[in-house]
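Hello,

Here is the structure I promised to pass on to you. Have a look at it first, and then read my notes below with the view open beside you.

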Amino acid sequence: MRKTYSAEGIEALAANIREDGYRLLQNLVVRKGDKKGRFFVVACGLRLAAPNLLAEGGKIAEDYPVECKEREGEIAIEIRLAENVMREDLIGSASQLSC
C-alpha cells in the first residue's frame, strides 16, 4: 500500500464521495490486527484518507460506517499487490484517484 497520497487526489476523491451521497463505491480491504477490534487497511488507503478528510472537516461523523472486506494474512497481501501492480493508470488527472 502506498504510504503517501497527493492532497489533490484525496480532495478529489472526498469531493466525489460527497457528490455521490457520502458513499464509497469500493470497500476497503482489511485484515485483523493484534488487538481485539483493531483492523489494518491493506488495500487502497486513499479510500480511507478521503473519508477521514471529510470527518476532519465535519462533513461526516468520525464514526461514519465504511464497508470493509476482511481478508487473512497472505490473501490480504496478494490483494494489495494485485491492486497496485496489475492496475492501469487512468487517463489525465483522474489517475490521481487510483489507489
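This is a predicted model: local features need pLDDT of at least 70, side-chain atom pairs count only at pLDDT 80 or more; totals for chains, interfaces and linings use all residues.

As background, nonpolar side chains in soluble globular proteins tend to be buried together.

Which residues does Ala 50 touch, once its neighbours within four places in sequence are left aside? Ala 50 is then in contact with Ile 10, Leu 13, Ala 14 and Ile 17.

Next, stay with helix α2, which covers residues 46–56, and find Arg 47 in it. Is Arg 47 buried or exposed? Its relative accessible area is 7%, and because anything under 20% counts as buried, Arg 47 is buried. Now look at what its side chain meets. The side chains of Arg 47 and Gln 26 are joined by a polar contact of 2.7 Å. The Arg 47 side chain also reaches the backbone oxygen of Asn 27, at 3.0 Å.

Now for the sheet. It is an open one made of 3 strands, in the order β2-β1-β3, and the pairing is mixed. β2 (39–43) and β3 (68–70) stand at the edges with a single partner strand each, so one side of each has no neighbour in the sheet. On average, neighbouring strands in this sheet are turned by 45 degrees against each other, direction ignored.

You can trace the mixed pairing strand by strand:

- β1 (residues 28–32) pairs with β3 in the parallel sense, over 3 bridges. Val 29 stands opposite Lys 69 in β3.
- β1 pairs with β2 in the antiparallel sense, over 4 bridges. Val 30 has Val 41 in β2 as its bridge partner.

Enjoy exploring, and write back with any questions!

Best wishes

Key: Residues are numbered from 1 along each chain as its sequence is written. Side-chain values use heavy atoms; hydrogens and water are left out. Two strands pair if DSSP finds at least two bridges between them. Helices (H or I, at least four residues) and strands (E, at least two) are DSSP runs, numbered from the N terminus. Axes are lines fitted to C-alpha atoms, for helices over the stretch in contact, and angles run from 0 to 180 degrees between N-to-C directions. Buried means under 20% relative accessible area, exposed over 50%, partly exposed in between (1.4 Å probe, protein chains only). A polar contact is a pair of N or O atoms within 3.5 Å; within protein, one must be able to donate a hydrogen and the other to accept it, and residues adjacent in sequence count only if both atoms are side-chain atoms. Contact means heavy atoms within 4.5 Å.
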